Amino acid sequence: MTLTNQTVLETLNEIEAPGGKQSLVQAGTIRDLEIDGSSVRLVLAVQVFQPSDVETLRTRVETALQAMDEVAEVVVRIQPMMPMASAPRQPEPEPATWADKIPGVKRVVAVASGKGGVGKSTVSANLAHALAKTGFTVGLLDADIYGPSQQLMMGATGDPMGDEDGKIFPASAPGGVKVLSFGFFVDADQPVIWRGPMLQKALEQFFGDVHWGELDYLIVDLPPGTGDVSLTLCQNVPLAGTVIVTTPQDVALIDARKGLNMFTKLETRVLGIVENMSGFECPECGHLEHIFGAGGGARTAEELGLPLLGSVPLDPAIVIGGDTGAPVVLERPDSPAARAFMEIAEKVAAATK
Ligand SMILES: Nc1ncnc2c1ncn2[C@@H]1O[C@H](COP(=O)(O)OP(=O)(O)OP(=O)(O)O)[C@@H](O)[C@H]1O
Ligand SMILES: [Mg+2]
């Protein structure tokens with residue numbers, strides 16, 4: 001017998017989709033199926049309720065297909081989607097914005113940058129913890145769906161959990177900070193491909209299908225640049241403000257201006273600029289060396305008519321803290337970097353009273 005779409009689909013029809021009573025075929029999860037001789041490649045778009053669902057399903061599909069006589073090789077790629085809440089019994093009017101789906105959240109503050117790798121995620125994580133230390137209730141949403149990092153950086157203990165309605169309880173980090181990141185649901189080495197409508201839906205689910213509860217602040221860590229995610233967020237959520245992170249080099253500053261222009265066009269308030277990696281304090285003698293040039297953030301802030309919320313020095317503890325989930329604000333509260341983050345949090349709080 002030769003291998004055909006039909007025989008493969010029959011096998012997949014025997015496997016249950018996560019959380020449902022339907023098979024993978026009935027639930028419409030098969031996005032791409034290619035058969036080449038004895039090799040089968042397929043993409044499954046499935047709702048994941050727990051991070052472990054992805055691997056369990058992959059193993060199940062691989063085992064079932066490999067058991068077919070004609071199959072020599074199986075490549076399964078899984079595109080995880082957040083579970084959707086079950087349909088309401090009575091039709092409810094569509095909320096006007098996603099913010100209506102999170103009535104307990106008082107302020108949403110986004111952290112953006114024109115350029116990648118300048119420290120948005122580091123600033124987001126430490127700003128969230130600094131606000132929590134100040135006494136606010138805080139959540140952090142990692143909206144960098146292409147390169148999520150907060151599942152690691154925030155020091156969350158445990159994974160997010162789904163409830164019986166398919167809504168997600170965020171993970172919890174020290175200080176009671178709630179964390180949600182797509183990184184909890186995907187393998188770090190698995191590229192996630194997002195098309196327009198899927199991206200929009202995934203982001204919307206981050207707001208509507210998550211138990212954020214009562215929060216003074218929801219910090220949103222954005223992907224770099226002025227792409228789809230930032231645009232979609234600004235168009236759907238009234239932001240209390242945006243923090244733009246930059247490094248002191250001129251090239252980064254040009255990109256910071258681009259970011260600012262986008263937010264201004266979208267009528268989103270920019271709270272100010274955070275200058276990151278602004279200098280290196282010698283641990284031996286305390287001398288501050290401005291590796292990337294001095295005062296760039298302050299100059300840009302002045303040129304753009306924005307407040308400089310703070311300057312965070314280069315600190316090796318930040319790299320280690322980021323990689324091990326030990327934010328410097330919590331781990332080394334007396335360091336100049338942690339003090340800078342506390343000051344930034346104070347200014348953000350004052351600007352968004
Ligand atoms: N002030 C700092 N001192 C030392 N290292 C830092 C500092 N800020 C950030 N880093 C390190 O630089 C790297 C990039 O930081 P981060 O991931 O926060 O940037 P990002 O802007 O979120 O990146 P991306 O655009 O990829 O999302 C990380 O390894 C981080 O630990
Ligand atoms: Mg990041």
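**Exercise 1.** Determine whether E267 is buried or exposed in this predicted model.

Solution. First, take the cut-offs: with C-beta atoms placed from the backbone, a residue is buried if 20 or more other C-beta atoms lie within 10 Å of its own, exposed if 12 or fewer, and partly exposed in between. Next, count: E267 has 9 C-beta neighbours inside 10 Å, so E267 is exposed. Finally, locate E267: it sits in the loop between α7 (250-265) and β12. Helices (H or I, at least four residues) and strands (E, at least two) are DSSP runs numbered from the N terminus.

Residues are numbered from 1 along each chain as its sequence is written, and chains are lettered from A and ligands numbered from 1 in the order in which they are written. As the model is predicted, local features need pLDDT of at least 70, side-chain atom pairs count only at pLDDT 80 or more, and totals for chains, interfaces and linings use all residues.

**Exercise 2.** Work out the burial of M277 and state its phi.

Solution. M277 belongs to strand β12. It has 24 C-beta neighbours inside 10 Å and therefore counts as buried. Its phi is positive, about 55°, although M277 is not a glycine. Most residues other than glycine have a negative phi. E267, also not a glycine, has a positive phi of about 60°.

**Exercise 3.** Give the order of the strands in the open sheet and identify its edges.

Solution. The order is β1-β2-β3, with mixed pairing; two strands pair if DSSP finds at least two bridges between them. β1 (30-36) and β3 (73-81) each have a single partner strand, so one side of each lacks a neighbour in the sheet. β2 (residues 39-47) pairs with β3 in the parallel sense over 9 bridges. Within β3, P80 stands opposite V46.
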